[in-house]
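Okay, everyone, thanks for coming.

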Amino acid sequence: MRGKDQKKDPKLRDGVKVQQQPGVSRREFLKISGLTAAVPLVTGPKMIEVGGAEVAIYGPGKTPVALIVNGRNYAAQLEPRVTLLDALRNEFELTGAKRVCDRGTCGACTVLMQGKPVYSCSVLAIEAQGKPIITAEGLLNGEQLHPVQQAFIDNDAQQCGFCTPGFVVACKALLDKHPQPTAEDIRHGLSGNFCRCGTYAGIRKAVMQAAGSRKGA
Ligand code: FES
Ligand code: FES
């Protein structure tokens, strides 16, 4: 009987009359909360004053990030905590740079930033804005391999190949700095990259071949 009465009158709960509260109902509140969680939060920078100067504070929500990679412009809405490596791989589908240690020790994620090799896992994407980035993909000239890439193939300088894009980029940076490197230059220039398969002898030969082809050119 009680159940029937409650079904008839939605305002009756356990025999007690429930007053309809003004404002948002619980059901409506849940709907709005779900909607808020599904919509990405995009915020502009907050400005604060530090020592008389206006300073922009980004995040924690998403903010517009624009990068120049391999001569092309890329843009995305990213949280400020997103690394350059994750932006390249997850947002722009440039998967040449590899994630191995994700903590700046192995070199598999090496890219050039303003011509210098950096671990892209240790640079925030937001910090890389306005600084041209070159990845292993960007070394290709159309269909033609870069001399370093060709030299890696000619000298069997890779096995599983996972470290290879990082090494190729590091070798390019090394040769830009030392066009005719000594054994010590090579050792020092590649000391930030590790190959678990141990292809170091092939990599050293590849560097020498690429240096020779530059000399010839
Ligand atoms: S993945 Fe960046 S240094 Fe290892
Ligand atoms: S070729 Fe396998 S890790 Fe270097």
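Predicted model: local features only at pLDDT ≥ 70, side-chain atom pairs only at ≥ 80, totals over all residues.

Let's start just after helix H3, where Glu-93 takes a positive phi of about 55°. Residues are numbered from 1 along each chain as its sequence is written, chains are lettered from A and ligands numbered from 1 in the order in which they are written, and side-chain values use heavy atoms, with hydrogens and water left out.

Now H3 itself, residues 84-91. Its buried residues are Leu-84, Leu-85, Asp-86, Ala-87 and Leu-88. By buried I mean under 20% relative accessible area; exposed is over 50%, and partly exposed is in between, with a 1.4 Å probe and protein chains only. And what do those buried residues of H3 pack against? Strand E5 (63-69), strand E6 (72-78), strand E7 (110-113) and strand E9 (133-134).

Asp-86 is on that buried list, and its side chain meets that of Arg-99 in a salt bridge, 2.5 Å from N to O. Arg-99 lies in the loop between H3 and E7 while Asp-86 is in helix H3, so the pair ties together parts that are 13 residues apart in sequence. For the cut-off, a salt bridge is a side-chain nitrogen of Lys or Arg within 4 Å of a carboxyl oxygen of Asp or Glu. Arg-99 is partly exposed, at 37% relative accessible area. There's a network here too: salt bridges link Asp-86, Arg-99 and Asp-102.

How many salt bridges does the structure hold? The count is 5. Another one joins the side chains of Arg-81 and Glu-79, at 2.5 Å, N to O. Arg-81 is exposed, with a relative accessible area of 62%, and Glu-79 is partly exposed at 26%.

Then there's Lys-172 with Asp-176, whose closest N and O atoms are 2.6 Å apart in a salt bridge. Both sit in helix H5 (residues 164-177), 4 residues apart, about one turn of the helix. You all know the background: an α-helix has 3.6 residues a turn, so residues three or four places apart point the same way. Lys-172 counts as buried at 17% relative accessibility, whereas Asp-176 is partly exposed at 39%.

Back to the strands. Val-65 is in E5, and it's buried, at 4% relative accessible area. Ala-75 is 10 residues from Val-65 in sequence, and their C-alpha atoms are 5.6 Å apart. Leaving aside neighbours within four places in sequence, Val-65 is in contact with Tyr-74, Ala-75, Ala-76, Leu-78, Ala-125, Ile-126 and Gln-129. Contact means heavy atoms within 4.5 Å.

Next, Thr-135, in the loop between E9 and helix H4 (147-154). Buried or exposed, this Thr-135? Buried, at 1% relative accessibility. The side chains of Thr-135 and Glu-137 are joined by a polar contact of 2.6 Å. That term means a pair of N or O atoms within 3.5 Å; within protein, one must be able to donate a hydrogen and the other to accept it, and residues adjacent in sequence count only if both atoms are side-chain atoms.

Setting aside residues up to four places away in sequence, Asn-155 touches Gly-202, Lys-205, Ala-206 and Gln-209.

To finish, the whole protein. We have 7 helices and 9 strands, and 34% of the 217 residues count as buried. Among contacts between residues at least 6 apart in sequence, 48% join residues at least 24 apart. Okay, that's my tour.

Terms used
Helix = DSSP H or I, 4+ residues; strand = E, 2+ residues; numbered from the N terminus.
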